[in-house]
Amino acid sequence: MTLHDAITPVNTLTAGPDWNWRNRFHALGTEFHTELPPQPVPTPYWVAHSDSCAELLGLPSEWQTRGDLNALAVFSGNALWPGMRPLASVYSGHQFGVWAGQLGDGRALSLGEIDTPSGPQELQLKGAGLTPYSRMGDGRAVLRSSIREFLCSEAMHGLGIPTTRALCITGSNMPVLREALETAAVVTRVAPSFIRFGHFEHFAQRRDTSALQRLADFVIDNHYPDCRDSPQPCVALLSAVAQRTAELMAQWQAVGFCHGVMNTDNMSILGLTIDYGPFGFLDGHDPDHICNHTDRQGRYAYANQPNIGLWNLHALAQGLMPLIGRDHSDAVREVLESYKLTYANAMRRRLRSKCGLSTTQKDDAGLIDSLLNQMTQERTDHTILFRRLSTFSTAEGADNGHVKSLFKDTAFWERWSVAYAARLRAENSNDLQRAAAMNRINPSVVLRNHLAESAIRQAQAGEFSEVRRLLKVLQSPFDERHDASADAGFPPDWAQHIEVSCSS
Ligand code: AMP
Ligand code: MG
């Protein structure tokens, strides 16, 4: 089927929410996008929605059910609200380290941008049909991957990690072929901008300096206004993006999140986690963990992520060079170099907090590294270890069996726990206060593959309650009420056999 055959006009409804549409991206120029409607799906139904994201958008409380809004039709791609101007944007990128040329929104459609109390937000449908950038794809997303994206977006937000948000999932029994026949779904994503490193690479590669300049001005004026005052606004932009990316990488590493496909087209210019596909959270601590079954070489393995962040920033810098000019390449090199220090400091800070240390002392790195090394050797559960560490008692003769039992090597534990207790006493750490602080940074529950998988299997059988239940849990991942629940427990044996690939 060609794109032209596929396009069915969709109705614009007479009423929508009381939103002020800005649609600034549209004004950038036709080089940046193609306007086209979403492609309808047969008899859509609700799968799940996030009240927290709806609140961000200022949607009325009864938004899902109000007849005049017909939100189900809108969020399945079967209708538009007045003010929506759907478009697919074009970008390029490096995939697995290789230049891939033109990519673009192959199955995502931006519906437009609205004002919200927390600033402008763009709405996007993912899985809404073919676009001029669909290449060999079908423009659709399956229920399985949509549930993973929806839950993880809201889970990351719950963890305090910058991310695109997700408003809702709608489903349809329309068949979609992946390895097996599955059914279609549409996720509505929300972010201040979906611009990627790959947008810059696209226009640089095409030597379209005028469009590149417009893009840089757009991003600076709307998202990084402080860079405007710099003598070199594009160097300042690169520096700001590098800082945010370094912080993001530290947040991913600290919580054991593996993205799985850190291609430059999946890197947000705002430093948000974007494009959830074959992601995973560490169960046992393993620096070499590869969450994406398609990533045979382990390019995007857990411990590689911070370096890949830097690699991707090099690609962004290349994309900005036509605007920066060779005279300033030293400044660019300095910015890229400073990423390493920003990341290292951010990661050290997070690891200290994860261990409940509120001051910096000279042997901290050694103490923390020896813990991580032991966790690596024993594949100690990353989330459970740090969560339980908050129960550590510095009292003389305390057994700390709850943490100790996580290690097979008791000699290690005897040594480490003595050093840790001494280190905590050296800053007069109060056990109760430290536990409370640690429980605000070390989550009880993360979206492990088996949790997502259980929700997906039920949803594929038509039962969405587990998706909805899990959403609520993931939105409050630090809540101590989860500690005793199965959600916070060790993964079951069958979890080892779950394979997650790029297929979505
Ligand atoms: P990803 O790495 O999954 O974010 O996607 C890489 C590129 O492939 C992007 O340009 C996507 O829009 C496109 N793509 C992925 N899946 C599909 C699909 N089913 N139909 C059309 N395009 C797709
Ligand atoms: Mg992508």
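1. A pocket, on a 1 Å grid over the protein atoms alone, is an open set of points with protein on both sides within 12 Å along at least five of seven lines. A molecule sits in a pocket if more than half of its atoms lie within 2 Å of its grid points. Here, ligand 1 takes the space of the largest pocket.

2. This is a predicted model, where local features need pLDDT of at least 70, side-chain atom pairs count only at pLDDT 80 or more, and totals for chains, interfaces and linings use all residues. Residues are numbered from 1 along each chain as its sequence is written, and side-chain values use heavy atoms, without hydrogens and water.

3. The shell around ligand 1 holds 17 residues (a heavy atom within 4 Å). Gly104, Gly106, Arg135, Asp138 and Gly139 come nearest. By class, eight are charged (Asp, Glu, Lys, Arg), two nonpolar (Ala, Val, Leu, Ile, Met, Phe, Trp, Tyr, Cys, Pro) and seven polar (the others, Gly among them).

4. Polar contacts are N or O pairs within 3.5 Å. A backbone N or O atom of Gly104 lies 2.6 Å from a ligand 1 oxygen. A polar side-chain atom of Asp138 is 3.0 Å from a ligand 1 nitrogen. For Gly139, a polar backbone atom lies 2.8 Å from a nitrogen of ligand 1. Taken alone, ligand 1 exposes 480 Å² (Shrake-Rupley, 1.4 Å probe), and the protein buries 81% of that.

5. Domain bounds come from an automatic or database assignment. Domain 1 (3-194) and domain 2 (209-280 + 294-353) each give at least three residues to the ligand 1 shell.

Notes: Chains are lettered from A and ligands numbered from 1 in the order in which they are written. A polar contact is a pair of N or O atoms within 3.5 Å; within protein, one must be able to donate a hydrogen and the other to accept it, and residues adjacent in sequence count only if both atoms are side-chain atoms. On a 1 Å grid over the protein atoms alone, a cavity is a set of points where a 1.4 Å probe fits but cannot get out, and a pocket is an open set with protein on both sides within 12 Å along at least five of seven lines; lining residues have an atom within 4 Å of a point.
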